[in-house]
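This report describes the fold, the helix packing and the principal pocket of the structure shown below. Please keep the sequence and the model in view while reading.

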Amino acid sequence: MALSSASPDILRAVRQIGHELSVARRRRRLTQQQVAERAGLSRETVLKAEAGHPGLALSAFLEILAVFDPDMMRSVVQSVEDDPIGKA
């Protein structure tokens, strides 16, 4: 998906997720570099995630969540898995 084709709702959601990642990192007193090293990502990727860059791979967001708490990452996967309409 081209960045220009993302809906305003999706862009807002990605920015909000990025903000929350930044808050979670700072609450844990971690630097972007520390998160990057633990997630196997570049610092630039962590910076883009925190900025809510809409072109960033979903895997990068999940890697960062797993650094903070593997259960947070699993809960994202679980919420998709538990979709009642998708199971019908």
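## The buried face of α4

In α4, the residues Ala 60, Phe 61, Leu 62, Ile 64, Leu 65 and Phe 68 are buried, where buried means under 20% relative accessible area, exposed means over 50%, and partly exposed lies in between (1.4 Å probe, protein chains only). These buried residues pack against α1, α2, α3 and α5; contact here means heavy atoms within 4.5 Å. An α-helix has 3.6 residues a turn, so residues three or four places apart point the same way.

The model is predicted: local features need pLDDT of at least 70, side-chain atom pairs count only at pLDDT 80 or more, and totals for chains, interfaces and linings use all residues. Residues are numbered from 1 along each chain as its sequence is written, and side-chain values use heavy atoms, with hydrogens and water left out.

## Overall architecture

The chain contains 6 helices and 0 strands, and its elements run α-α-α-α-α-α from the N terminus on. Helices (H or I, at least four residues) and strands (E, at least two) are DSSP runs, numbered from the N terminus. Along its principal axes, the C-alpha trace spans about 40 × 30 × 20 Å.

Of the 88 residues of the chain, 28% count as buried. Among contacts in the chain with a separation of 6 or more, 54% are accounted for by residues 24 or more positions apart.

The axes of α4 and helix α5 (residues 70-81) come within 5 Å and cross at roughly 140 degrees. Axes are lines fitted to C-alpha atoms, for helices over the stretch in contact, and angles run from 0 to 180 degrees between N-to-C directions. On the α4 side the contact is made by Leu 62, Leu 65, Ala 66 and Phe 68, and on the α5 side by Pro 70, Met 72, Met 73 and Val 76. The residues of this contact of α4 with α5 comprise 8 nonpolar, no polar and no charged. In this classification Ala, Val, Leu, Ile, Met, Phe, Trp, Tyr, Cys and Pro count as nonpolar, Asp, Glu, Lys and Arg as charged, and the others, Gly among them, as polar.

Helix α2 (residues 32-39) packs with α4 at an angle of about 105 degrees, their axes being 9 Å apart. Helix α2 is therefore roughly perpendicular to α4. Val 35, Arg 38 and Ala 39 of α2 meet Glu 63, Ile 64, Val 67 and Phe 68 of α4 in this contact. By class, the contact of α2 with α4 has 5 nonpolar, no polar and 2 charged residues.

## The largest pocket

About 280 Å³ of space lies in the largest pocket. On a 1 Å grid over the protein atoms alone, a pocket is an open set of points where a 1.4 Å probe fits, with protein on both sides within 12 Å along at least five of seven lines; lining residues have an atom within 4 Å of a point. Grid points are joined across faces, edges and corners, and a volume is the space filled by probe spheres set on the points.

The lining consists of Ile 10, Val 14, Ile 17, His 53, Pro 54, Leu 56, Leu 58, Phe 61, Leu 62, Leu 65 and Val 76. Both α1 (8-27) and α4 (58-68) supply at least two residues of the lining, and the largest share, 4 residues, comes from α4. By class, the lining has 10 nonpolar, 1 polar and no charged residues.

Arg 29 is found in the loop between α1 and α2 and, at 75% relative accessibility, counts as exposed. Its phi is positive, about 55 degrees, although Arg 29 is not a glycine. Most residues other than glycine have a negative phi.

Ser 42 is found in the loop between α2 and α3 and counts as partly exposed at 37% relative accessibility. Arg 43 belongs to helix α3 (residues 43-51) and is partly exposed at 40% relative accessibility. Leaving aside neighbours within four places in sequence, Arg 43 is in contact with Gln 32, Gln 33 and Ala 36.

How values were computed:
Parallel < 35°, antiparallel > 145°, perpendicular 65-115°, else oblique.
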